[in-house]
Amino acid sequence: MFKINCLNPIADIGLKIFDDKYTQVEAFGDAEAVLVRSASVHDLELSDSLEAIARAGAGVNNIPLEKCAEKGIVVFNTPGANANGVKEIVIAGLLLSSRDIVGGVNWVESVKEDQDVAKLVEKNKSKFSGIEIQGKKLGVIGLGAIGVLVANAANRLGMEVYGYDPFISVDAAWNLSRDIRHSKSLEEIFRECDFITVHVPALDSTKGMFNKESFSIMKDGVKILNFSRDTLVNDDDMLEALNSGKVYRYVTDFPNPKIAGAKGVIAIPHLGASTNESEDNCAVMAVKQLRDYLENGNIKNSVNYPNCNMGICTQVGRIAINHKNIPNMLSQFTSVLAKENINISDMINKSRGQWAYTMLDIEAPATTEFVEKIKEIDGVVKVRIIK
């Protein structure tokens, strides 16, 4: 029986995928696998029994990835599961930034009790006029699952779309419309585009990428959309750019005391992936990944260990080893099994940075005795008997 804990409410459509081999527990410390959305794991104690954490979403800044890796805890996310939901709100953000819809709605609310509201509307509507997005230049920074959908949708709306991503995947490149202009630098996006939307992870290299220097390159009156991470924007520099008119509108999904309510800011309460469909998709993907890992040892969409797949085990036994990516590990594993006179019918070894993962299908039942011998090898952090 596998013990599962949910740190946040997880859509029932996902939880129903767990069968009678699983039971839900209330305490984080009792779980072998954890499902999480926005709750922070950083201050929680990671028990030795914890095997995996699945984030029902793309960002994993609420999870201590390296600390988990050191304990052999595989962390999953669900890339692309909420991409359509975010794409749709980005398109809404484009329209909100080009037409003063928010200002107009708020004004109507303020005069709604006036008996002459219809006349007032006709007299004052010009105060809230804007521009059309058709024919305007949109820069999309980051062409992952969300960025590609945004670029293609904006292109179909008649925008001239520039895309920048030096690390674009093969799959993303195949899905990107041939009409998207491939920018070779951020500077081109900053210099040429009327609207800029960003879809990159929060890393040291991306922190504060929207700052005084980058604003100085942009067109006067540029509109910036941030449905990615708050740390990508230097708030002080953004406020200065808004006050000077360099940035006309800043649409952000991450309100904070400094930005919320500022002139030119449209602050949305982190609704990017808050659709029923997105939550369902993330829950289903997260649960399927957890089940495949716990039951078969396979890893898909991990952010701290390599992806690794050997399908369903058809041999007598299978063991999975989380270990450091250092020389001579495989020979030590096979040596332990050879001394036990156990034949290896199949094996796979993958690495990611300083961490690696090995699965061995064996022609004899896995015993705790030789598993303990593998655990004693320097560099091994966890060994599991899958079958």
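These notes walk through the sheets, cysteines and aromatic contacts of a predicted model.

1. **The parallel sheet.** Seven strands make up an open sheet with parallel pairing. Their order is β8-β7-β6-β9-β10-β11-β12. The edges are β8 (181-182) and β12 (265-267), and each of these pairs on one side only. Strands of a sheet pair through backbone hydrogen bonds, either parallel or antiparallel.

2. **β9 against β10.** Within that order, β9 sits between β6 and β10. Strand β9 covers residues 195-198 and β10 covers residues 222-226. Four bridges join the two in the parallel sense. The charged end of K223 sits over the ring of F195, 5.2 Å from the ring centre.

3. **A helix across the sheet.** Helix α10 spans residues 235-244. This helix lies across β10, β11 (247-252) and β12. Relative to β11, α10 runs at about 140 degrees.

4. **β15 and its two partners.** Strand β15 (residues 355-362) pairs with β13 and with β14. Eight bridges join β15 to β13 (residues 317-324), and the two run antiparallel. I321 has T358 of β15 as its bridge partner. Strand β14 (residues 344-352) is also antiparallel to β15, again over eight bridges. On that side, R352 stands opposite W355.

5. **The hairpin turn.** β14 and β15 form a hairpin, with two residues between the strands. One point to inspect is G353 in the turn, where phi is positive at about 60 degrees.

6. **Is β15 covered or open?** Strand β15 is mostly covered, with eight of its eight residues buried. In a regular strand the side chains alternate between the two faces of the sheet. Both faces of β15 are covered. One side carries W355, Y357, M359 and D361, all buried. The other carries A356, T358, L360 and I362, also all buried. Note that D361 is among the buried residues.

7. **Cysteines.** How many disulfides does the structure hold? The count is zero. A disulfide is a covalent bond between the sulfur atoms of two cysteines. For C282, the closest cysteine sulfur belongs to C6 and is 14 Å away, too far for a bond. The cut-off is 2.5 Å. C282 counts as buried because its relative accessibility is 3%, where the limit is under 20%. C308 is buried too, with a relative accessible area of 2%.

8. **Aromatic pairs.** The structure holds seven aromatic pairs. In one of them, the ring centres of W107 and F128 are 5.8 Å apart. Their planes meet at 45 degrees, so the pair is tilted. W107 lies in helix α4 (residues 101-111), and F128 lies in the loop between α5 (117-124) and β6 (137-141). The pair therefore ties together parts that are 21 residues apart in sequence. W107 is buried, at 18% relative accessible area. Elsewhere, ring pairs link F2, F18 and Y22 into a cluster.

Key. Residues numbered from 1 in each chain as written. Predicted model: local features only at pLDDT ≥ 70, side-chain atom pairs only at ≥ 80, totals over all residues. Heavy atoms only, no water. Pairing = 2+ DSSP bridges. Contact = heavy atoms within 4.5 Å. Axes fitted to C-alpha atoms, helices over the stretch in contact; angles between N-to-C directions. Buried < 20%, exposed > 50% of the residue type's maximum accessible area, 1.4 Å probe, protein only. Phe/Tyr/Trp six-rings, centres within 6.5 Å; stacked < 30°, edge-to-face > 60°. Lys NZ or Arg CZ within 6 Å of the ring centre and 35° of its normal.
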